[in-house]
Amino acid sequence: MNHQRIREWLHLSLSDELSDQERHLVEDHLTRCERCRLELEQLKQLYGTLEGAGRPVPSEQLLWEARQGLRAVLRMERSRHSLWERVTRTISAWAGSLVSSRFPGYAVAAAGLALFAVGLYAGSRGVVPAVFRPQMAVQTVSDEGSDPLAAGDVEITNVQFLDADAKDGQIEFIFEAIRPVHIKGDINDPRIQKVLTYAIINEQNPGVRLRAVNAIKSSPPQSSDSEIKAALITALKTDDNPGVRNDAFAALQKYPFDEDIKNAFLYVLTHDTNAALRITAINVLQTVTGTQRRADQDIVNVLKSRVESDENTYIRTRARAVLEEIKQQ
Amino acid sequence: MALDDSELIAQAQRGDVMAFEQLVYRYDKRVLSMAMAYVSDPEDAKDLYQEVFLRVYRALPKFEFRSQFSTWLYRIATNVCLTHRARQKQHAHASLDEEFDDENTNPHALSDVLASEATSDEHTLNTEIAMQVQKALNALSPQQRLVFTLRHYEGYKLKDIADMMECAEGTVKKYLFTATERMRERLKDAYQ
């Protein structure tokens, strides 16, 4: 057994990656070889040093920034998907109408070619539409009352053939039928809330996100709307627009104060880059602690950390004052 | 009660964006941590993080539960890391196995991102050692660094790492051996 092989196995033995047979061979070799025993000791010291250094743990601030960036990227991705659909529809319609007016027989081919060209261009630029798509039940055109094209304003998009062979007289495909929906209803209606939740999380335009949050803020919360609450907490923690975060904070204040909301407010106090929001968080937590019989240790710990490390003098002073109040309770 | 990964994946595949976010938040700290170990610069780490989860978002509808979600996610993260380094290298016109100059690394980056949990003396010492470890890591080739990170920090078995990197287990062993030897050489002052 050569030393080079044993040296490799020594590394693997410390990572618990040797087979039983290999481990026995190493153990046997170590009883006879001073050099390899020394080598193993040195390796153990190295592993100890690495363990002492610990793995790189990203700070909460860095994680927060990364999540904000990701949300913006995903919002863009989703809107690009919508844009993709609009572009393909427009080009398809344009090419079809242009050719059909003179050469009706070539209309379909022209539209297909135009789409192919767009596809090539998009592919070359890495523009690939997002592919989240609801799973669908198979419908036949003879199904009564389930015709997805019954409404006149439906737009057909993204047609994909599953079976284009019409020899047996049947074909099968998937397409997306997009129809504008105009809804007016009670803000506590689950369907309305579903749209609002979607808007808070996904809308590219911060003005729309703000209006969605405000709509929720202006209505009393219901016990059943946990999804809305989760969306507000997500917006509070990660929306890149301070106005949206501020209004999400105000909306969450209307909910019963629980662990989720407490943790969200503490998160703001610790990580939000906007000093006004951190001050709001202190003020709200001060009110909450004033009603508690026993001091909440999580709140106390965060206030202490703010006293020590917040860059804003006013926040450090306010945190110290609230801590004093808690002590005297 | 919290949903398990499969339920969240199924919901996300049906277009539920909040389910996708929950899934991300379950793993993203480890992905960012891996990215930090790999590139050390916080801005680069955030880029890697975003690229990983954007690819996950695009590919999730095709995820068929043939492997653990975490393994699949790390396979994507591995690819993103290696591609990222390859891209950087293309710009720098340098070879993959070239040693990086210590001056090219950002000595302040690690202290910017390390969570402070120890006392100030311990923290200073740990941070100093951690910085030396990071410098030694930066001197490794991308493949060696990735294997070292996945084995030592993420605790993956070599077989799983080979699966993620789509190469033979023997190759991974070789990377790990060479990486550890080079780390040992660079860190000998810290542990001897």
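The questions and answers below follow these topics in turn.

This is a predicted model, in which local features need pLDDT of at least 70 and side-chain atom pairs count only at pLDDT 80 or more, while totals for chains, interfaces and linings use all residues. Residues are numbered from 1 along each chain as its sequence is written, and chains are lettered from A and ligands numbered from 1 in the order in which they are written.

User: At what angle do helix α6 and helix α7 of chain A pack?

Analyst: The helices, taken as DSSP runs of H or I with at least four residues and numbered from the N terminus, cover residues 190-202 for α6 and 206-217 for α7. Axes are lines fitted to C-alpha atoms over the stretch in contact, with angles from 0 to 180 degrees between N-to-C directions. The axes of α6(A) and α7(A) lie 8 Å apart, and the angle is about 140 degrees.

User: Which helix supplies the largest share of the side of chain A that touches chain B?

Analyst: Counting residues as in contact if their C-beta atoms, placed from the backbone, lie within 7 Å, 40 residues of chain A meet 41 residues of chain B. Helices that each supply at least two residues of that side of chain A include α1 (3-14) and α3 (34-53). The largest share, 10 residues, comes from α4(A).

User: Is A:Arg320 buried, exposed or partly exposed?

Analyst: A:Arg320 sits in helix α13 (residues 313-328) of chain A. A residue is buried with 20 or more other C-beta atoms within 10 Å of its own, exposed with 12 or fewer, and partly exposed in between. Because A:Arg320 has 15 other C-beta atoms within 10 Å, it is partly exposed.

Key. Two residues are in contact if their C-beta atoms, placed from the backbone, lie within 7 Å.
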